Amino acid sequence: MAAGVAAWLPFARAAAIGWMPVASAPMPTPPPDNRRKQDGLILLNVSGQKFQTWRNTLERYPDTLLGSTEREFFFHEETNEYFFDRDPDIFRHILNFYRTGKLHYPRQECISAYDEELAFFGIIPEIIGDCCYEEYKDRRRENQERIQDDEDSENQNDMVPPDMTFRETMWRAFENPHTSTMALVFYYVTGFFIAVSVMANVVETVPCGTLPNRVKQVSCGERYALAFFCLDTACVMIFTVEYLLRLMAAPSRWNFIKSVMSVIDVVAIMPYYIGLVMTDNEDVSGAFVTLRVFRVFRIFKFSRHSAGLRILGYTLKSCASELGFLLFSLTMAIIIFATVMFYAEKGSSASKFTSIPAAFWYTIVTMTTLGYGDMVPKTIVGKIVGSVCSLSGVLVIALPVPVIVSNFSRIYHQSQRADKRRAQKKTKLGRIAARKSGGTSAYLQYKSNGLLSDLIDEASKAAGQALVCKANPMFDTHHNHLLHCLEKTTNHEFVDEQTFETSLLEVSMVKHPPHSPSLSSGSSSQGLSCCSRRNKRKSFNVPNSNMTGGHRNSIQELSTIHIRERPITNSRSSLNAKFEETVPLNCKQPYITAAVITLPTPPVTTPEDDGSASSPDYSQANIVRVSAL
Amino acid sequence: MGALMVIFSLQKDQRRKRTDSVEDELELSAVRHRPEGLEQLEALTRFNRKELQILYRGFKNECPSGVVNEDTFKDIYSQFFPQGDASTYAHFLFNAFDTDKDGSVSFEDFVMGLSILLRGSVQEKLNWAFNLYDINKDGYITKEEMLDIMKAIYDMMGKCTYPLLKDDTPRQHVEIFFQKMDKNKDGVVTMDEFIDCCQNDENIMRSMQLFDNVI
């Protein structure tokens with residue numbers, strides 16, 4: 001609950017007088033108000049720096065150190081003050097939190113020191129206000145990443161844990177070449193062979209002089225065909241072995257196969273094998289030649305060896321939409337100018353601009369200011385259009401490029417920040433919602449603690465048995481009393497989500513006879529006893545309980561299915577038994593699937609009298625009632 | 001190229017400055033209210049100095065400008081009833097506290113209302129409750145007014161209740177109320193009927209004293 005709102009609780013309670021005349025049930029007695037002492041000043045001495053504030057200010061947040069009785073541990077009798085041996089500069093912000101309800105993060109403070117102070121004083125960082133929250137989270141993340149990096153680099157320098165399997169060792173060697181000498185050797189060997197293979201592909205096409213009985217120049221590939229073939233085979237064998245080893249060592253083979261690097265590996269070695277298979281067939285030799293082109297993909301295998309290549313690839317991928325826009329605008333301009341050029345040059349004789357697609361080439365060459373000169377306009381109109389084309393080409397290309405560059409950096413940082421904020425917001429709201437629902441569940445917990453004043457004795461017995469009775473701070477007591485008054489006014493009770501859901505289901509199964517107003521007074525008195533009986537109930541009971549006895553039995557039979565596990569040995573009746581006689585699930589009976597499980601209730605006599613014996617006996621788990629859901 | 005960007009950014013700044021000045025004007029015209037002196041409030045209400053001091057500190061903390069407008073009021077009140085929707089009831093409460101009908105509850109309104117609720121006689125409290133229910137302040141509580149109030153109260157419960165809230169539960173509650181209060185069965189409850197009936201009802205009398213020790 002927010003800070004100053006605690007100060008408004010007296011107002012909310014006073015306003016509850018507005019419910020009194022319409023209340024359908026008498027109100028519970030208010031909790032004793034033992035805070036009769038006057039509100040005084042508290043002196044807080046933090047490492048010599050003195051702070052003073054009202055006692056009420058601190059007690060706004062009873063779940064922190066300063067707001068609870070925990071501060072008594074720091075009370076210093078000699079000087080009659082509370083002494084804390086902590087940082088006074090950061091304490092200033094913490095005290096301001098109590099005063100204003102907003103926690104701020106000072107930018108000049110170290111993030112870990114701040115976190116420690118918050119933890120000491122029992123304040124969760126999620127309360128930090130929106131103005132400072134992003135900064136706080138950023139700094140925290142950076143700090144954690146730095147710690148993580150330090151840890152990682154430490155880990156890598158450590159000895160390999162001896163209990164790693166051979167497979168894990170291999171994978172580690174592949175991913176981090178500098179962990180062991182073997183891995184380093186492997187890394188360099190593969191790098192060398194990639195380079196050799198690429199060089200071979202390149203050199204193979206260089207003209208190498210003429211064969212003795214031929215006139216034409218032949219390429220080195222054809223001249224030393226065997227040598228190149230052996231080299232290629234060796235490289236491909238090494239690559240294949242490497243790929244298979246990686247595949248074997250990968251912790252998740254499917255993920256490995258899907259990854260980009262493995263696709264590159266496969267594409268690099270496939271042409272060779274396909275070539276082996278296809279050498280005899282002359283018809284597909286054209287396709288075979290195409291396949292050799294794919295051998296150049298081996299150069300991409302260098303990206304395992306170079307982080308820069310990986311970053312470049314990621315850059316292009318993340319910048320795809322901007323590049324697409326560039327392409328689109330270029331295409332538009334090309335089509336426009338090509339069309340105009342074609343029609344302008346249509347008249348001239350021996351024009352190279354035979355069709356609009358033919359003019360595309362001219363437009364591209366002109367717009368990118370290449371200007372090969374293989375196609376030139378001859379008419380005056382054509383030349384004018386050509387010059388306009390080259391000028392606009394400069395603009396069209398120059399405009400998106402800086403935009404792409406700045407867009408890239410902006411979008412990159414922005415998306416990172418948006419994701420950050422979204423994740424932060426989600427966790428933040430989650431925790432705040434948890435505390436909010438903690439408020440309502442706190443009230444339900446309070447009820448189930450049996451602290452309702454009606455049946456104090458039974459409740460305290462029950463409470464003593466099962467639940468730990470914690471001393472509620474005064475604010476919570478008063479707030480709970482307020483909510484209790486509202487329940488009494490409306491004669492309805494707060495329940496939690498799951499019991500509400502179960503009740504909805506049950507209601508949909510069972511048809512209710514219509515309530516008449518005359519029954520409601522009867523039901524209200526039953527409501528009282530229901531409430532008291534349900535002191536320790538954690539689950540929901542059949543909503544039929546509010547009906548008078550006449551309807552009850554028949555509908556009870558409709559809506560409940562009993563699973564009898566052992567023969568009944570006590571006087572508990574079966575179908576007509578009331579809901580409060582269900583017992584806890586006994587673990588020794590594995591075949592029970594109870595949809596509704598209730599805890600033992602304190603022995604309370606029920607006002608209903610339909611002849612059923614209602615003396616619960618917890619010692620024997622006999623019947624588990626399962627509601628038809 | 002760079003010139004284009006510069007021109008662009010200049011224009012944005014100008015626009016921002018213009019909106020800033022508009023916001024500044026709005027800020028200056030925001031209400032700042034200072035309450036009457038302590039002595040006067042002591043005379044008007046039944047609180048002593050210390051209690052007034054405590055009340056004002058809490059009030060000023062939540063509303064630094066010195067007045068509560070209806071939205072803030074609804075926010076604050078809704079925080080006490082997280083399960084349901086307290087805004088309708090808060091609206092009625094606001095109207096009950098805003099005695100001078102100026103759309104905001106100042107500290108005087110606040111403390112005078114509290115004085116009646118916490119230190120007033122039973123007659124005064126019942127008077128206040130009647131005023132709360134009588135939405136149009138015509139001296140009669142009609143069934144429609146009561147139904148509005150009742151629905152607002154039930155709204156605060158939210159939907160996760162036991163037993164399940166049905167649609168006509170508020171209406172039934174209103175019927176019970178009118179059966180009890182409307183002596184001459186004319187369909188409206190006057191102030192006298194209301195006070196008479198409440199004074200004869202033990203439960204209501206007892207519950208009126210419930211919050212006397214709040215401050």
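**View 1. Buried residues of helix α3 in chain B.** In α3(B), the buried residues are E51(B), L52(B), L55(B), G58(B) and F59(B); buried means under 20% relative accessible area, exposed over 50% and partly exposed in between, with a 1.4 Å probe and protein chains only. They cover an arc of only 135° around the axis, so they lie on the same side of α3(B); the arc is taken over the directions from the helix axis to the C-beta atoms. The buried residues of α3(B) pack against α2 (38–44), β1 (67–69), β2 (104–106) and α6 (107–119) of chain B. Helices (H or I, at least four residues) and strands (E, at least two) are DSSP runs, numbered from the N terminus.

The model is predicted: local features need pLDDT of at least 70, side-chain atom pairs count only at pLDDT 80 or more, and totals for chains, interfaces and linings use all residues. Residues are numbered from 1 along each chain as its sequence is written, chains are lettered from A and ligands numbered from 1 in the order in which they are written, and side-chain values use heavy atoms, with hydrogens and water left out.

**View 2. Length of helix α3 in chain B.** Helix α3 (residues 49–62) of chain B has 14 residues, which at 1.5 Å a residue should span 20 Å. The expected span is 1.5 Å times one less than the number of residues. The end C-alpha atoms of this helix are 20 Å apart, in agreement.

**View 3. The largest nonpolar core.** This core has 80 residues. A nonpolar core is a set of buried Ala, Val, Leu, Ile, Met, Phe, Trp, Tyr and Cys residues joined through side-chain atoms within 4.5 Å. Those with the most contacts inside the core are W19(A), Y77(B), F81(B), L93(B), M146(B) and F194(B). Helix α8 (residues 143–157) of chain B gives the most to this core, with 9 residues. A second, separate core has 27 residues, among them L95(A), I111(A), F121(A) and I128(A).

**View 4. Surroundings of M146(B).** Apart from neighbours within four places in sequence, M146(B) is in contact (heavy atoms within 4.5 Å) with V22(A), Y133(B), I141(B), V174(B), F177(B) and F178(B).

**View 5. Strand pairing in chain A.** Strands β1 (residues 41–46) and β4 (residues 81–84) of chain A run parallel and are joined by 3 bridges; strands pair if DSSP finds at least two bridges between them. L44(A) stands opposite Y82(A) in β4(A). Strand β3 (residues 75–76) of chain A pairs with β4(A) in the antiparallel sense over 2 bridges, and H76(A) has E81(A) in β4(A) as its bridge partner.
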